[in-house]
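Here's a quick briefing to read alongside the model. Have the structure open and click through as you go.

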Amino acid sequence: MNQQLREGLARRLAWQQAVNDPDREPRNLLPTLPLLRQWQTQRLTTSFADFLATPHMRPAAEFFLSDLYGDRDFSARDRDAARILPLMARILPEFLLHAASEAIELAVLSHALDLRLAETLAKRRNPLAAISVDDYARAYRATRLPRLRRHQVELILRVGQALDASVHKHGVFKLLKASRLPAKLAGLSELQGFLERGFTAFAALGGADEFLSRIRAQELEVSRRLFANAADPFAQPNSSSR
């Protein structure tokens with residue numbers, strides 16, 4: 001692992017630990033946080049309906065929903081990586097570590113933005129009430145940070161591009177399978193599983209350009225409409241619900 005990648009990964013892991021630590025970041029204990037994550041998962045599943053209905057795109061869409069966008073807890077994966085960073089260089093090739101590094105940064109940024117949203121939602125008259133589109137849109141605008149929202153979308157693309165690049169490298173799948181046991185013994189099972197799922201999903205795409213460009217356009221437009229206080233921020237040009 002080159003020095004720049006090692007330092008970047010270590011820095012991202014430190015961010016991950018800090019932002020998920022309830023002692024250092026009490027907003028992790030807000031009851032609105034799980035409500036928000038559930039709401040966003042449902043919204044994204046609806047938004048990804050076209051991808052999920054397209055056979056060759058379905059695995060990649062499911063991977064994005066479960067491993068990049070989803071409400072699952074990524075902290076075990078990232079704690080594993082933090083604990084044994086020196087071993088990662090001996091088990092996993094550099095281009096896969098680059099994909100993991102981008103994914104960890106994405107998880108950190110997404111979580112930090114969710115904390116802001118959850119804090120705003122907690123100020124409602126009834127904080128535990130079901131979240132409406134209007135509730136979400138108001139909270140989204142109140143947190144501002146349009147540049148970070150754009151960066152969040154760009155990170156999603158970069159993770160996808162890194163995984164897609166790994167698909168085109170000879171022998172990667174055999175390498176991933178061969179690394180299962182040493183990864184398990186080293187405590188890297190969560191990270192190993194993430195990379196395997198991503199590789200398998202992007203291999204099924206047969207080229208990720210269309211998939212990634214559509215996601216980019218879709219999510220940037222959603223963000224633009226939310227900030228613009230559009231009447232239906234999740235509306236799609238083809239009139240399908242998002």
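**Charged pairs, helices and rings**

R224 and E221 pair up in a salt bridge, with their closest N and O atoms 2.8 Å apart; a salt bridge here is a side-chain nitrogen of Lys or Arg within 4 Å of a carboxyl oxygen of Asp or Glu. This is a predicted model, so local features need pLDDT of at least 70 and side-chain atom pairs count only at pLDDT 80 or more, while totals for chains, interfaces and linings use all residues. Residues are numbered from 1 along each chain as its sequence is written, and side-chain values use heavy atoms, with hydrogens and water left out.

**More on the salt bridges**

- R224 and E221 sit 3 residues apart in helix α13, so about one helical turn separates them. (Helices are DSSP runs of H or I, at least four residues, and strands are runs of E, at least two, numbered from the N terminus.)
- R224 is partly exposed at 47% relative accessibility, and E221 is partly exposed too, at 32%. (Buried means under 20% relative accessible area, exposed over 50%, and partly exposed in between, with a 1.4 Å probe and protein chains only.)
- Elsewhere, salt bridges with shared partners link E25, R27 and E119 into one network.
- An α-helix has 3.6 residues a turn, so residues three or four places apart point the same way.
- The structure holds 12 salt bridges.

**The whole chain**

- The chain has 13 helices and 0 strands.
- Of its 242 residues, 48% count as buried.
- Among contacts with a separation of 6 or more, 77% are between residues 24 or more positions apart. (Contact means heavy atoms within 4.5 Å.)
- The accessible surface is about 12000 Å², and carbon and sulfur atoms make up 52% of that. (Areas come from the Shrake-Rupley method with a 1.4 Å probe; for residues, only the protein chains shown count as cover.)

- Helix α9 has 22 residues and spans 32 Å from first C-alpha to last, close to the 32 Å expected at 1.5 Å a residue. (The expected span is 1.5 Å times one less than the number of residues.)
- Its buried residues include R149, Q152, D164 and S166, and the buried residues of α9 pack against α4, α7, α8, α10 (172-178), α12 (189-205) and α13.
- Leaving out residues up to four places away in sequence, D164 touches F202, G207 and A208.

**L96 in helix α7**

- L96 is part of helix α7 (residues 94-121), and L96 is buried, with a relative accessible area of 0%.
- Beyond its neighbours within four places in sequence, L96 contacts S166, V172, L176 and L195.
- L96 and S166 are 70 residues apart in sequence but 7.0 Å apart in space, C-alpha to C-alpha.

**Aromatic rings**

- A search of the whole structure turns up 13 aromatic pairs. (Rings of Phe, Tyr and Trp, using its six-membered ring, pair if their centres lie within 6.5 Å; planes under 30 degrees apart count as stacked, over 60 as edge-to-face and the rest as tilted.)
- The ring centres of F63 and F194 are 5.5 Å apart with planes at 40 degrees, so this pair is tilted.
- F63 is in helix α4 and F194 in helix α12, so the pair ties together parts 131 residues apart in sequence. Both F63 and F194 are buried.
- Y140 and F227 have ring centres 4.9 Å apart and planes at 55 degrees, so that pair is tilted.
- Y140 belongs to helix α8 and F227 to helix α13, so the pair ties together parts 87 residues apart in sequence.
- Y140 is buried at 4% relative accessible area, while F227 is partly exposed at 27%.
- F48, F51, F63, F64, F194, F202 and F211 form one aromatic cluster.
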